[in-house]
Amino acid sequence: MTVVAQDAKATAWSRPAFRFLLGSEAVTLSGSAVSAVALPALAVLELRASTTEVAVLAFLGQLPNAVALWAGALSDRHPKRPQLIASDLVAAGALMTVPAAALAGALTVGQLCAVAIVLGAAKVVHDAAAISLLPAVVDPDQLQDANAKLGAASSVADSAGTNAGAALVGAVGPARSVLVDAVSFLVSAVLIWRMRVPEAATAPDVARPGLARDIADGVRYVARQPTIRTVIAALSTLSFGLAIMNTYWAYYLLDRLGASPSAFGVIMGIGGAGGVAGALLAPKIAARIGIGPTIIVGFAVSPLTQVPLLLAGPGLRWQVVLAAALAGQLFWATASGTSQRSLRQAVCDPDFQGRMQSASTTLTAGARPLVGSAF
């Protein structure tokens, strides 16, 4: 009985601060998934945006990832909880302008583009602070469990938010649906405000070098740390290739292979279930085969699961194959993702957690706008 009780206490869930962080991440991801449906629908259905304007809207939403290094340096320089709260409040304020302008009849595509930039910037700041704060919230041996729970919650929240967004757009219209995302950020800010976690004191600004020096030091640290350097290099290479594939994946299934929207939704749903399973089972997989092999298998499986797409033709049989391939890809991608994130957090110097994560974001997500514009 004593051993069982000690094992239960060793999980990340036993930490109140982690529960607040998990709730914050889940609620904002759910709300953001609603906006991911509502904002393009608002642009197309009510503002009659052109295909070019819709593409620009998507591009601008991803653009702040290219300057993630700034957010990482900011995260390492100042306490992280205030940054999380501030980014949530900024995002909520930007989103609230959308239904307000729509109600006044003054909403434009230009305003949506501005909101997309603000949301992207707030997300970059939030992610840098949240991911680099996690090692202070849980013990080192709880990082894998914590990242697994965050990954599973993210997958569920994203799927639930997407479905809720589609339902809300149909029921109350896209402009009002955006309010759900605004409220989600306010709820997240409250949860982070209630979270109590010790943070290392930062040096006075007068004793610190400039922000550009902080960024340069962070880049040098990542480049010189062999484990972090290798993992980020492999991750960024894989992400660039998958970004090219994802640009036309939906188009290929719907147009070339003739999948119906409902069939496409089922395929995506099965794939999402694979991602949830991968996140939940990541700690057990890493415990059985090791964290390194888990990462390697995940990196290897992701490109291999694209092979059926090259061979596929129309029809239910191939739709089943593609659904299974997507589930396998997301299972191992999520298991590998939680493992490599935990590994990087565990070996990284606490003073460089934010900059280490921002370097990964810059190399992985920062290339996505370039991929989209190139094709």
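The questions and answers that follow set values against definitions.

This is a predicted model, in which local features need pLDDT of at least 70 and side-chain atom pairs count only at pLDDT 80 or more, while totals for chains, interfaces and linings use all residues. Residues are numbered from 1 along each chain as its sequence is written, and side-chain values use heavy atoms, with hydrogens and water left out.

Q: Why is the pairing of Arg355 with Asp76 called a salt bridge?
A: The term asks for a side-chain nitrogen of Lys or Arg within 4 Å of a carboxyl oxygen of Asp or Glu. The closest N and O atoms of Arg355 and Asp76 are 2.8 Å apart, so the pair meets the definition. This pair links distant parts of the chain, since Arg355 lies in helix α15 (residues 353-364) and Asp76 in helix α4 (residues 68-77), 279 residues apart. Helices here are DSSP runs (H or I, at least four residues), numbered from the N terminus.

Q: What makes Arg355 count as buried?
A: Buried means under 20% relative accessible area, exposed means over 50%, and partly exposed lies in between (1.4 Å probe, protein chains only). Arg355 has a relative accessibility of 9% and therefore counts as buried, and Asp76, at 11%, counts as buried too.

Q: How do you know that Lys123 is partly exposed?
A: Its relative accessibility is 48%, so Lys123 counts as partly exposed. Asp127, with a relative accessible area of 23%, is partly exposed as well. Lys123 forms a salt bridge with Asp127, their closest N and O atoms being 2.6 Å apart. Because the two are four residues apart in helix α6 (residues 109-137), about one helical turn separates Lys123 and Asp127.

Q: Why are α5 and α6 called roughly antiparallel?
A: Helix α5 (residues 80-104) packs against α6 at an angle of about 160°, with the axes 9 Å apart. Axes are lines fitted to C-alpha atoms, for helices over the stretch in contact, and angles run from 0 to 180 degrees between N-to-C directions. Angles under 35 degrees count as roughly parallel, over 145 as roughly antiparallel, 65 to 115 as roughly perpendicular and the rest as oblique. The helices α5 and α6 are therefore roughly antiparallel to each other.
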